[in-house]
Amino acid sequence: MSLLQELQERSGNQCELCAEKNDLKIYEVPPISTGGVDGSLLACGTCIGQIEEPEITEANHWRCLNDSMWSEFRAVKVVAWRMLHRLKSQGWPQDLLDMMYLEDEELRFAQSTGEHLDESEKIIHRDVNGAILEAGDSVVLIKDLKVKGSSMVAKQGTAVRRISLDHENAKYIEGKVGPTQIVIITDYVKKMAEKE
């Protein structure tokens, strides 16, 4: 059974956030370290568009979270929590957040993008040239790096796509080099332009 089929079956073939039945796609919840059924959900184009572009978020659309925040599935709960945090200045989302409960591991996953932090609390990650790095960016290694705990060497010029950020240390990012998820120090990477 494919990931799409598993998510369709799990969701009853509707958006797991707003229950829309059309324009459904797989949404992998960032940072994409788990993927698969546990790290993905089935969502409509409207929900995905607003998740990925905060400036077009329509608060009233997300009143659907009143139901979906109670989902038994981790990916759905995590996205509901993040969207409620994004909208908490509206008033009603804060009431829902006060009722919501996440296990410790789910909460760590929900907080991993740092979206819930106020601007003053956010740690800013910068590459060797001072460019700001964000979750999902792609970077290039500027020198050979030994990978701790293995005999692997990540070679200079290696592209690391869809990085995730360490929200406690501005010098650390994570990404996959081949099949291996590694921690990389930001002093040794250069942000790639969108088209590279």
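**A tour of the cores and a helix pair**

Start by selecting Leu17, Leu41 and Trp62: of the 31 residues in the largest nonpolar core, these three touch the most other members. Keep in mind as you look around that this is a predicted model.

Strand E2 (40-44), helix H2 (45-52), H4, H5 and helix H6 (104-111) each supply at least two of its residues. Which helix gives the largest share of this core? That's H4, with 9 residues.

Next, zoom in on Leu41 and show what surrounds it. Skipping neighbours within four places in sequence, Leu41 is in contact with Leu7, Arg10, Glu16, Leu17, Lys25, Ile26, Tyr27, Val29, Ala75, Val76 and Val79.

Select H4 (residues 74-87) together with H5 (residues 92-99), and look at how they pack: the angle is about 140°, and the axes are 8 Å apart. Angles over 145 degrees would count as roughly antiparallel, so H4 and H5 are oblique to each other instead. Is their crossing left-handed or right-handed? The crossing of H4 and H5 is left-handed.

Last stop: show side chains where the two helices touch. From H4, pick Trp81, Leu84, His85 and Leu87; they meet Trp92, Pro93, Leu96 and Leu97 in H5. Sorted by class, this contact has 7 nonpolar residues, 1 polar and no charged ones.

Terms used. Residues are numbered from 1 along each chain as its sequence is written. This is a predicted model: local features need pLDDT of at least 70, side-chain atom pairs count only at pLDDT 80 or more; totals for chains, interfaces and linings use all residues. Side-chain values use heavy atoms; hydrogens and water are left out. Axes are lines fitted to C-alpha atoms, for helices over the stretch in contact, and angles run from 0 to 180 degrees between N-to-C directions. Helices (H or I, at least four residues) and strands (E, at least two) are DSSP runs, numbered from the N terminus. Angles under 35 degrees count as roughly parallel, over 145 as roughly antiparallel, 65 to 115 as roughly perpendicular and the rest as oblique. A crossing is left-handed if the near helix is turned anticlockwise from the far one by less than a right angle, and right-handed if clockwise. Contact means heavy atoms within 4.5 Å. Ala, Val, Leu, Ile, Met, Phe, Trp, Tyr, Cys and Pro count as nonpolar, Asp, Glu, Lys and Arg as charged, and the others, Gly among them, as polar. A nonpolar core is a set of buried Ala, Val, Leu, Ile, Met, Phe, Trp, Tyr and Cys residues joined through side-chain atoms within 4.5 Å. Buried means under 20% relative accessible area, exposed over 50%, partly exposed in between (1.4 Å probe, protein chains only).
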